[in-house]
Amino acid sequence: NNIPHKTTYMERLAINVLYLHIMAKGLYFKKKFKNKCYEFSVMASSNLIIKASVAKEAGYFDENYYPGEDAVLSFSVLNKGYKILYCSKVIVYHHRRPLFWKHLKKMKESAECTSKVLTKFTNHRSLIHFLPTIFSTMLFVSIVLSVFNPFILTALATLMTIYFSILILDCIISGIYNPLSIILVTLGAFLTHIFYGYGFVK
């Protein structure tokens with residue numbers, strides 16, 4: 001999905017957060033198919049072409065799982081033996097929620113629904129789904145323990161320095177060079193991990 005030309009600065013930052021390599025970009029690609037197409041594990045319903053017969057066989061969208069109805073349809077399609085392909089040649093302009101609050105609220109809601117979906121489709125669970133929760137939990141525990149142990153505080157500071165350095169490097173690799181944009185996208189990515197991690201276990 002591309003964002004429309006007439007969009008706000010904070011909307012553009014939100015899409016930059018989501019398309020960082022350490023976020024969603026590349027994580028759900030299974031393998032290259034052909035002609036710049038890749039097998040994908042979850043389809044985005046904002047940019048979707050599906051045969052009516054396949055949608056019917058998979059049970060269409062399940063509104064009980066909003067905003068995860070596209071994940072339910074995706075897993076149902078995969079369970080029927082079909083493949084989901086991502087093709088970069090197909091372009092749809094799609095608005096995004098701007099940083100910070102609207103974006104983070106959506107991420108938490110998505111995590112809550114993803115957790116619910118994966119309870120039903122246990123065969124599609126992967127470590128990727130749990131990483132934000134593991135990160136958030138370890139961060140919280142480390143902050144608490146660092147109050148009583150200077151060594152843990154030093155280790156936490158070192159690891160967080162590495163984490164934010166990776167985020168900044170990811171911004172540059174992704175073509176974000178404006179210093180303010182790098183700061184905001186880095187902060188947005190960090191908070192997205194926290195809100196998603198919390199929502200996943202709520």
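1. A residue is called buried here when its relative accessible area is under 20%. By that cut-off, buried residues make up 37% of the 202 residues in the protein. Please keep in mind throughout that this is a predicted model.

2. Let me start with the overall architecture. The protein has seven helices and three strands, and along the sequence they follow the pattern α-β-β-α-α-β-α-α-α-α. The radius of gyration is 18 Å, close to the 17 Å that the globule rule gives for 202 residues, so the protein is as compact as a globular protein of that length. Taken along the principal axes, the box filled by the C-alpha atoms is roughly 60 × 40 × 30 Å. If you look at contacts with a separation of 6 or more, 74% of them are between residues 24 or more positions apart.

3. As background, nonpolar side chains tend to be buried together in soluble globular proteins.

4. Leaving aside residues up to four places away in sequence, Ile84 touches Tyr38, Glu39, Phe40, Ser41, Met43, Ser74, Val77 and Leu78.

5. How do H4 and H7 cross? The axes of helix H4 (residues 101-120) and helix H7 (residues 179-201) come within 7 Å and cross at roughly 35°, and the crossing is right-handed. On the H4 side the contact includes Trp101, Leu104, Met107, Ala111 and Leu118, while the H7 side includes Leu191, Phe195, Tyr196 and Phe200. By class, the contact has ten nonpolar, seven polar and two charged residues.

6. Two backbone features deserve a look. Most residues other than glycine have a negative phi, and most peptide bonds are trans. The peptide bond from Leu99 to Phe100 is cis, with omega near 0°; Phe100 is placed in the loop between strand E3 (84-87) and H4. Tyr60, which is not a glycine, has a positive phi of about 60°. Tyr60 is in the loop between H2 and H3, and counts as partly exposed because its relative accessibility is 47%.

7. Finally, is Tyr82 buried or partly exposed? With a relative accessible area of 34%, Tyr82 is partly exposed. Tyr82 is found in the loop between H3 and E3 and, not counting residues up to four places away in sequence, touches Val54, Glu57 and Val77. As for distance, Tyr82 and Gly197 are 115 residues apart in sequence, and their C-alpha atoms are 30 Å apart in space.

Methods. Residues are numbered from 1 along each chain as its sequence is written. This is a predicted model: local features need pLDDT of at least 70, side-chain atom pairs count only at pLDDT 80 or more; totals for chains, interfaces and linings use all residues. Side-chain values use heavy atoms; hydrogens and water are left out. Axes are lines fitted to C-alpha atoms, for helices over the stretch in contact, and angles run from 0 to 180 degrees between N-to-C directions. Helices (H or I, at least four residues) and strands (E, at least two) are DSSP runs, numbered from the N terminus. A crossing is left-handed if the near helix is turned anticlockwise from the far one by less than a right angle, and right-handed if clockwise. Contact means heavy atoms within 4.5 Å. Ala, Val, Leu, Ile, Met, Phe, Trp, Tyr, Cys and Pro count as nonpolar, Asp, Glu, Lys and Arg as charged, and the others, Gly among them, as polar. Buried means under 20% relative accessible area, exposed over 50%, partly exposed in between (1.4 Å probe, protein chains only). The radius of gyration is taken over C-alpha atoms; the globule rule is 2.2 Å times the number of residues to the power 0.38.
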